[in-house]
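This note sets out, point by point, what may be read from the coordinates.

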Amino acid sequence: MVAGNWKMNGLGASMAELEKMIQGFEPALAARLDLLVCPPATLIAQFAWKSKGSKIAIGAQDCHAKAFGAHTGDLSAEMLRDAGASAVIVGHSERRADHGETDDAVRAKAEAAWRAGLLAIICVGETKTEREAGDTLPIVGRQLKGSVPEKASAANTVIAYEPVWAIGTGLTPTVKDVEEVHGMIRKELVKRFGEAASAIRILYGGSVKPDNAATLLKAADVDGALVGGASLKAGDFLGISRAYSGGR
Ligand code: PGA
């Protein structure tokens, strides 16, 4: 899976970029990977309508844990599904930092996503200070334990490992570091949910670009990418997805 997180970017005119993505996503490539675009909530309905019948799926960037109620400004997973989303990102580090989202809150959001029939893309990742202190594995392990609900499966869950220090900075971990964290995530998922959980996709995110995608996406236990900045332009986003055009 290659998923694009548009964050707080995109207006109605961005439809042109989505059209380019739909046109450029060749059938041979579409047979190899799932391509997901997560625009701001204001564009979900338009994007879902436009991408109908194409191989591109539309997702959301966050949801509320409740289905409805007095929560001014919030959107429920049911509403996102109703607008045409098939997936939702939960627990992105920017939401954890800007909105104080805890692992418990993220877990409730993932459960809300499942309740509404959405795929939950659950994000984890260490800060620079945590990495420098040698705490990456325990921190990511703790986030994983706290943020992923019981009954996670390959059908309802995708994990995104995004080192906070790699997001939007142009910095990326080494392949060895990525493999170490993804390997730990895989092991923990299987330990908790059984052998079938080895099919849960684990995406890498943080400064993925067309020129480093092939290297990062071929690393062991990396099943795709969560892409921020480079997902805004069709050329870059499709360039990243072409890391899957060769044999693997
Ligand atoms: P980036 O963002 O690709 O711009 O580093 C990744 C993300 O935050 O999902």
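1. A disulfide is a pair of cysteine sulfur atoms within 2.5 Å. The model under review is predicted, and by this rule the count of disulfides in it is 0. For C63, the closest cysteine sulfur belongs to C38 at 12 Å, which is too far for a bond. For C38, the closest cysteine sulfur is that of C123, at 9.5 Å, and this too is too far for a bond. C38 is buried, with a relative accessibility of 0%, and C63 is likewise buried, at 2%.

2. Which residues come nearest to the ligand? There are 13 residues around it, and K7, H92, E162, G168 and S207 come nearest. A polar atom in the side chain of K7 is 2.7 Å from a ligand oxygen, and a side-chain N or O atom of H92 is also placed 2.7 Å from an oxygen atom of the ligand. From the backbone, an N or O atom of G228 is 2.8 Å from an oxygen atom of the ligand. The ligand taken alone exposes 290 Å², of which the protein buries 96%.

3. E162, one of the residues that come nearest to the ligand, is located in the loop between strand 6 (157-161) and helix 9 (175-193). E162 counts as buried because its relative accessibility is 5%, under the 20% limit. The side chains of E162 and H92 make a polar contact of 3.2 Å. Beyond four places in sequence, E162 touches H92, C123, V124, G125, E126, I167, G205, G206 and L226. Among these, G205 is 43 residues away along the chain, yet its C-alpha atom is 4.5 Å from that of E162.

4. Is D62 buried or exposed? D62 is situated in the loop between strand 3 (56-60) and helix 4 (77-83), and with a relative accessible area of 17% it is buried. Its side chain has a polar contact of 2.8 Å with the side chain of K109 and another, of 3.3 Å, with the side chain of R95. Apart from neighbours within four places in sequence, the contacts of D62 are L80, V88, I89, R95, E101 and K109.

5. H71 is also in the loop between strand 3 and helix 4, but it is partly exposed, at 30% relative accessibility. When residues up to four places away in sequence are not counted, H71 touches H64 and K66. With H64 there is a side-chain polar contact of 3.4 Å. The C-alpha atom of H71 is 22 Å from that of S147, and the two residues are 76 apart along the chain.

6. Helix 11 spans residues 234-241, and its buried residues are A234, F237, L238, I240 and S241. Viewed down the helix axis, the buried residues of helix 11 fall within an arc of 155°, so they line one face of the helix. In general, an α-helix has 3.6 residues a turn, so residues three or four places apart point the same way. The cover over the buried residues of helix 11 includes strand 1 (2-5), helix 1 (15-24), helix 2 (27-30), strand 2 (35-38), helix 10 (210-217) and strand 8 (225-227).

7. E17 belongs to helix 1, one of the elements that cover the buried residues of helix 11. At 11% relative accessibility E17 counts as buried. Neighbours within four places in sequence left aside, E17 is in contact with W6, L232, K233 and A234. A234 is itself one of the buried residues of helix 11.

8. Two backbone angles deserve a check. Most residues other than glycine have a negative phi. K151, although not a glycine, has a positive phi of about 70°; K151 is in the loop between helix 8 (136-147) and strand 6 and is exposed, at 71% relative accessibility. D221, also a residue other than glycine, has a positive phi near 65°. D221 is in the loop between helix 10 and strand 8, and its relative accessible area of 29% makes it partly exposed.

Technical notes
Residues numbered from 1 in each chain as written. Predicted model: local features only at pLDDT ≥ 70, side-chain atom pairs only at ≥ 80, totals over all residues. Heavy atoms only, no water. Buried < 20%, exposed > 50% of the residue type's maximum accessible area, 1.4 Å probe, protein only. Helix = DSSP H or I, 4+ residues; strand = E, 2+ residues; numbered from the N terminus. Arc of directions from axis to C-beta. Contact = heavy atoms within 4.5 Å. Near = heavy atom within 4 Å. Polar contact = N/O pair within 3.5 Å; in protein donor to acceptor, adjacent residues only side chain to side chain. Areas by Shrake-Rupley, 256 points an atom, 1.4 Å probe, with all protein chains shown as cover.
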